[in-house]
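Below is a short note for someone opening this entry for the first time. Please read it with the structure in view.

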Amino acid sequence: MVFSSACRSLLRHRQIATSYLSCCRRSICTSAPTEERIEAAGYHVSGGPSFMRGTVFWEPDRPLTIEEFHMPRPKAGELLIKTKACGVCHSDLHVLKGELLFSSPCVLGHEITGEVVEHGAHTDVGITKRFPIGSHVVGAFIMPCGNCFFCVKGQEDLCEAFFAYNRAKGTLYDGQTRLFLRNSGKPVYMYSMGGLAEYCVIPANAVATLPNSLPYTESAILGCAVFTAYGAMRHAAEMRAGDSIAVIGVGGIGASCLQIARAFGATEVIAVDVQDEKLHNAMTLGATHTINASRDDVVEKIKRPHNSLSLFIVAVRLQFAEIAHVASAAALLPSDFATSREGERAHIRFFGSLLTV
């Protein structure tokens, strides 16, 4: 699977650690009857409480609330994960602000790490052997069904079921959510797996084993920010050792691009942003050069001769207000821009797009 192979390759190259928010695990709700006030962390396949807690988004401009749910139950090909950490992605904020329409009420969160505590009934034995109870895993924000036209071709990022059911309806691939409020039984929708909860259900195709040596919290972004950057570097840009790269916008995804570029053997890694703090951090994450686009002429600096014949330009994670400072670095460079270097031609190719997140 694309996600599994991506994670394996990343983990072989280097451990990429960026601290994100731990999932809420504190005891918040005490309205349950005394006999059921059990820490959900004690749940295991052999038994445990019948409820859990999760963070619910109701509508834009309304505060999130912590609610109790019936314990979600996985179906065939699915895993119940005890959530250990969950990052907050900017796409979560898009939903919170009403900028991205999604079924509500829902549980957000799609950057999770956790422990396998249950397999769905009739799950294939190959899955149960690959992810035995107690396995440490990391989840992917795109959860491939494994059976559609695109999945069977190895293009799981275009999974038809994921977009038709999860993104369009907030459900898994039988058209049903796995989340139901404890007090009313009403359904709550799932943004990906709905990771901002103590437990979540994920299709087995969307998880990969997390080595015990990697911490849960720092590893949560492997399934989103790092996953996205890996695909950009490996599959879209097709980076090779000796290439040079300019990353325009070094937020979560851009910072991952820097690290992956160095892991892939890039000779020059140029970080472009408008915030000095981000550029300072970029130097600790693999950048060899930095450009502050609010002060410097980005185009001229990027057009300077480089030590290799290939320069890839990747633009990611820019706020609307920031685009004016850096858009010229992409807009003024045609797809096959060439500049001379001691009689040779250094090809500069723009890859990616300006993502307004």
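This is a predicted model: local features need pLDDT of at least 70, side-chain atom pairs count only at pLDDT 80 or more; totals for chains, interfaces and linings use all residues.

1. Residues are numbered from 1 along each chain as its sequence is written, and side-chain values use heavy atoms, leaving out hydrogens and water.

2. Rings of Phe, Tyr and Trp (its six-membered ring) pair if their centres lie within 6.5 Å; planes under 30 degrees apart are stacked, over 60 edge-to-face, the rest tilted. The count is 6 aromatic pairs. One of them, Phe141 with Phe227, is edge-to-face, at 5.7 Å centre to centre and 70° between the planes. Phe141 is in the loop between strand S6 (136–139) and helix H4 (160–169), and Phe227, 86 residues apart from it, is in helix H6 (residues 225–236). Helices (H or I, at least four residues) and strands (E, at least two) are DSSP runs, numbered from the N terminus.

3. Buried means under 20% relative accessible area, exposed over 50%, partly exposed in between (1.4 Å probe, protein chains only). Phe141 is buried at 19%, and Phe227 is buried at 14%.

4. A charge sits over a ring if NZ of Lys or CZ of Arg is within 6 Å of the ring centre and within 35 degrees of the ring normal. Arg167 lies over Tyr191, 4.0 Å from the ring centre; Arg182 lies over Phe51, 4.4 Å from the ring centre.

5. Helix H7 (residues 252–263) is mostly covered, with 10 of its 12 residues buried; among them are Ile253, Cys257 and Leu258. Just after H7, Gly265 has a positive phi of about 95°.
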